Amino acid sequence: MDNILDNVVFLVKSIKKRKVESGYTYGEIILSDSLIEKITDLNDNNLIDVSISNKTINIEELNSNINLLASIKIKTGDLNNYFDTIEDFVSGNKFECKLVDFYIDDIDYREVKTDNNCIILYKNNLKIIDFLKEIANNIKKSGNNLELFFYRTGVGVDLKIDYDIESLKKIDFVIPDDFKTQILDSFNGKDKKELFINELINFIESNNCSYVNLIENWNTLLSNYTKSYSLFIAGFSFEKIKTSSNEHFQKLVDRIYESIGKVSSYIFGIPIGYILLINNFDFSGEQCFKNTSLLFLGIIFLILIWFVLFKNIDESIKSIEKDIDDFLGKIKNIKELEDIHQKLETLKSSELKKQLFKLNLVKILTFLIFAIILSTFLFIVFDVDNYSIISRLLDGD
């Protein structure tokens, strides 16, 4: 058979004005000894017709027509390993290729002799299909259709294997042999296989059960599987993950509202503290030391509030935000935890911003109240000075 394919390829490449139609390749050639030998071989297998001047001739007559222009018609459609186009090849070998040797005319590809990037992608794609077939719970093949069925408790998806040449060009990965070995290991790979199938089902469902979407986003699927497996080997079952996630979410909520309590208490506590200071001022201006001491206490109070209390709250809020971001990263793409993911996003975008607004409000309020204390002190000082000057003027000094 290889010899027949060799002869067909050689003759096809020798044809002038070549045309392809309905399983035949035909055109014109100039007869030579080397061509006659190959024509004879194909004739023995009933794969060629030869004519000269529109008259069919017997093979025995070829040697007497050396160097003449002859028309030939090769039955390329009768060869199962000869393909006019790569589309024909893929269409006929969509799910597996059992051919040891074959030729594709439009890309001039010979399996045992040449290389082609598109064929490499095609073979990588077959490895994906083989892998999916090995982990599928059920396989349904009918004619040129292949469907794989995957299921877990209460959920099942049907994946129809369908793709075209353009889809193959988007494959940018190869399934490593060690990965397949780990997943398909009947003893040690059971948990990994279940985790991968779980992620595969989630992915297929969210991508319209499309095989093309699957191969285009295979790296995303692997990333989701890696995260799930990392959680698994850390000692978490899914229920533990969910329970732990809810507990962690509640702790974050408690921390946020703890910060709210602090800010709220400062809104009332700080003004009261400053009012007590103002209330103890000697407005007559006779006790300068007392007024100066109260101003000094006000400054210390402001420093403590601004650089200790406010700073602690600000750091606490930032720490909560960082914890939320870390937790969001851990549960990203875990479909069953989407409700917690949304709640965390709401906490980050709404509640935390509210606390920062309240904190800034208290900061502004604190600064304004201190400005009032300072203004009060300056008013007393300058008022006393003015009073003394006026008194001396009235006394005639």
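1. Two strands count as paired if DSSP finds at least two bridges between them. Helices (H or I, at least four residues) and strands (E, at least two) are DSSP runs, numbered from the N terminus. The model is predicted: local features need pLDDT of at least 70, side-chain atom pairs count only at pLDDT 80 or more, and totals for chains, interfaces and linings use all residues. Residues are numbered from 1 along each chain as its sequence is written, and side-chain values use heavy atoms, with hydrogens and water left out.

2. Three strands form an open sheet in the order 9-10-11, with antiparallel pairing. Strand 9 (138-142) and strand 11 (155-160) each have a single partner strand and stand at the edges, so one side of each has no neighbour in the sheet. On average, neighbouring strands of this sheet are turned by 15° against each other, direction ignored. Strand 9 and strand 10 (residues 145-152) run antiparallel and are joined by five bridges. Asn145 in strand 10 is the bridge partner of Ser142.

3. Helix 4 (residues 117-135) lies across strand 9, strand 10 and strand 11, at about 45° to strand 10. Helix 7 (residues 190-206) lies across strand 10 and strand 11, and its angle to strand 10 is about 120°. Axes are lines fitted to C-alpha atoms, for helices over the stretch in contact (heavy atoms within 4.5 Å); angles run from 0 to 180 degrees between N-to-C directions.

4. The structure holds 11 salt bridges, each a side-chain nitrogen of Lys or Arg within 4 Å of a carboxyl oxygen of Asp or Glu. One of them joins Lys113 to Asp6, with the closest N and O atoms 3.9 Å apart. The pair links distant parts of the chain, 107 residues apart: Lys113 is in the loop between strand 8 (109-110) and helix 4, and Asp6 is in helix 1 (residues 2-14).

5. Lys113 is exposed at 60% relative accessible area, whereas Asp6 is partly exposed at 29%. Buried means under 20%, exposed over 50%, and partly exposed in between (1.4 Å probe, protein chains only).

6. Glu111 forms a salt bridge with Lys123, the closest N and O atoms being 2.8 Å apart. Glu111 is in the loop between strand 8 and helix 4 and Lys123 is in helix 4, so the pair ties together parts 12 residues apart in sequence. Lys123 is partly exposed, at 34% relative accessibility.

7. In the salt bridge between Glu216 and Lys170, the closest N and O atoms are 3.3 Å apart. Glu216 lies in helix 8 (residues 211-216) and Lys170 in the loop between helix 5 (165-168) and helix 6 (177-184), so this pair ties together parts 46 residues apart in sequence.
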